[in-house]
Amino acid sequence: MTADCGHDEGRTMKPGRNDPCPCGSGKKYKHCCLAQAEAIAPEELAWRRVRRAIDPLSDELLRESARRFGETGLQEAWEEFNLWEFEDDAFDADSPYVQLFLSWFVHDWLPDPQATELPEAARGQTAAQAYLARAGHRLDPIARAYVEACRATPFSFHEVIDCRPGEALRLRDVLLGTERDVIERAGSRTLRAGDLLFAKVVPIEGMYLIEGMGPVAVPPADKPGIIELRKKIGSQGDLFAAELLRDWDLELRELYFALADRQLAPQLPELRNTDGDLLEMHTLVFDLDEPEAAFESLKSLAAGMSDEEIEAGAERSAAGSLVRAEISWRKLGNEMHKGWDNTVLGTLRIEGKRLTAEVNSARRAAALRKLIEQRLGGAAHAKPSIVRSVQSMLGRQPTPQEQARREKERAEFAAQPEVQATIRETLRKHYRAWVDDKIPALGDRTPREAVRDPDGREAVDALIDQIERDGPKMNPPLDLEIVRELRETLGLKRG
C-alpha cells in the first residue's frame with residue numbers, strides 16, 4: 001500500500017517560479033514576489049552569523065580543558081560540581097547533568113589552591129580564560145566576545161514568561177529580576193510558561209542565548225524555594241552584582257540538584273503508621289492444632305466488638321465446625337480515651353488449620369506474635385513470616401491488563417455526573433480552605449498571610465500556577481473557575 005500524497009483540501013500550494021504571481025500583478029512569480037518570500041529576516045541572519053562563530057567553541061574549549069587540567073582536573077571538578085556528595089566517584093559521561101557540568105567546567109571552574117593536586121601553572125585561569133590567552137588573537141571577534149560573556153555571566157534560575165515554539169523564550173531571572181528575550185530553537189518547543197530553568201543567559205551581538213542549561217525544567221510549585229534562597233543572597237549584599245551571585249554558586253547548584261532530582265529520580269515518601277512506625281507489611285503464619293480453640297482464645301483481641309458481632313463474620317460447616325473467621329486487632333485506649341479506640345492494628349484470619357495475621361510494621365508484628373504465642377502456646381506452630389516494604393509494593397508495575405482494567409474502572413466511575421459534581425464541590429471547598437491553611441513551602445504561613453509581602457505574593461502566585469497547570473490532568477478536570485476564584489480572593493487576579 002502506498003501513501004496518499006494528495007494535498008489536503010483547502011491547502012494553498014506554493015506557486016512555481018514561472019507561475020503567475022498570486023498577488024495578481026500579472027507577472028511571473030519569479031519576477032514579482034519570490035524574492036520577498038525567500039528573504040531572510042535580519043534577526044535570522046544575525047543569529048546564523050553568531051552560531052557560525054560560536055558553534056566550534058565547544059570542542060575547542062574541551063580540548064583546552066584536557067590539555068590544561070587532564071584527568072586529575074576533570075575528576076576534581078566533577079567532585080566539586082557534585083558538591084563532593086560522590087567524592088572519589090569517577091566522572092560519569094552518562095550523567096543527566098553532564099552537559100551542565102561541561103559548560104561549568106570550561107567557563108567557571110578554578111582548582112582549589114588548598115586542595116588541588118594540579119601544578120601551580122594550572123591554577124590561575126579557567127580553561128576558557130587560558131584558551132583566550134593562547135588562541136584569542138585568531139578567534140572571530142564574536143567568538144571571543146561570547147567566551148568573555150560566558151565568564152562574566154553567573155548561573156541563575158530563569159522563569160519562562162512566554163514561548164514562541166521553535167523560535168524564542170521570554171525569560172525572567174528570578175534572582176536578579178531582569179527579563180530577556182532569548183533565542184532558543186529546541187527548548188522553546190517543549191517548555192511552557194511557568195517553567196523554571198537553571199542556566200546562563202548570555203548576551204552576544206544584541207541578542208541573548210542560553211548556555212549550560214540544566215537537564216530538566218523545575219515546575220512552578222518549586223519556585224518558593226528559589227525565592228527563599230534569593231532572600232538569603234540579597235541579605236548579603238547587592239544582588240545585582242554578578243560576583244555576589246557567583247559567590248553563591250554552590251548553593252544555587254545544590255538547590256537545583258535537589259529540585260531536579262525529584263523528577264530525574266523520584267523517591268517514594270517515607271510512609272508511617274499511626275504509631276509512627278515505618279510502614280512495612282508483615283504476614284505472620286501459624287499452623288493450628290485446634291482452629292475452634294484458637295478462635296475462642298483470640299476473639300478478645302477484637303475489643304469493642306461483641307461475641308455476636310465477631311461470630312457473625314465467621315463461616316461454619318453444616319456440622320457447626322469453623323471453616324474460616326476474621327478478627328480485627330484493635331488498639332487499647334489511653335487515659336484520655338478509656339477502653340478501646342477505632343484504630344485497627346492488624347487483621348487475623350483463620351482458614352481451616354492455617355492462621356495468618358497481617359500488620360503494617362515490624363513493631364506491631366513482634367507484639368502480635370507475642371500475643372498469639374501467649375494465648376495459643378504449643379497449639380500454634382509458627383511458619384516463616386512474609387515481609388514486604390510499602391515501597392516495593394507501590395513500585396510494582398501493573399501488567400498491561402491490570403492497568404487497562406484500572407483505567408477503565410476509573411474512567412467509568414469518574415464519568416458519572418453525580419461523581420463529577422461531588423468532586424467539583426469537594427475541590428471548591430478544599431481550595432477555599434487552602435487560602436487559610438499553613439503551607440510549608442510558604443514558611444508555614446497561609447497563602448492569605450503570605451501575599452502581604454512581595455516575596456510571599458510571588459510564591460503564592462507560583463503555587464496557584466501549579467494548581468492551574470495540574471488541573472486539566474485531573475479526572476474530572478479541575479474547574480478553572482476555582483483557580484479564578486483563588487486569585488480573586490488573594491488579590492492576584494490576572495487580566
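Guide: Two strands pair if DSSP finds at least two bridges between them, where strands (E, at least two residues) and helices (H or I, at least four) are DSSP runs numbered from the N terminus. This is a predicted model, in which local features need pLDDT of at least 70, side-chain atom pairs count only at pLDDT 80 or more, and totals for chains, interfaces and linings use all residues. Residues are numbered from 1 along each chain as its sequence is written, and side-chain values use heavy atoms, without hydrogens and water.

Strand 6 (residues 280-288) pairs with strand 11 (residues 380-389) in the antiparallel sense over 8 bridges, and it also pairs with strand 10 (residues 354-359), again antiparallel, over 6 bridges. Histidine 282 has valine 387 as its bridge partner in strand 11, while in strand 10 histidine 282 stands opposite valine 359.

The structure also holds 42 salt bridges, each a side-chain nitrogen of Lys or Arg within 4 Å of a carboxyl oxygen of Asp or Glu. In one of them, aspartate 108 meets lysine 200, with the closest N and O atoms 2.8 Å apart. Because aspartate 108 lies in the loop between helix 4 (98-107) and helix 5 (127-135), and lysine 200 in strand 4 (residues 196-204), the pair ties together parts that are 92 residues apart in sequence. Both aspartate 108 and lysine 200 are buried, that is, under 20% relative accessible area, with exposed meaning over 50% and partly exposed in between (1.4 Å probe, protein chains only). Arginine 123 forms a salt bridge with glutamate 120, their closest N and O atoms being 3.4 Å apart; arginine 123 counts as partly exposed at 23% relative accessibility, whereas glutamate 120, at 61%, counts as exposed.
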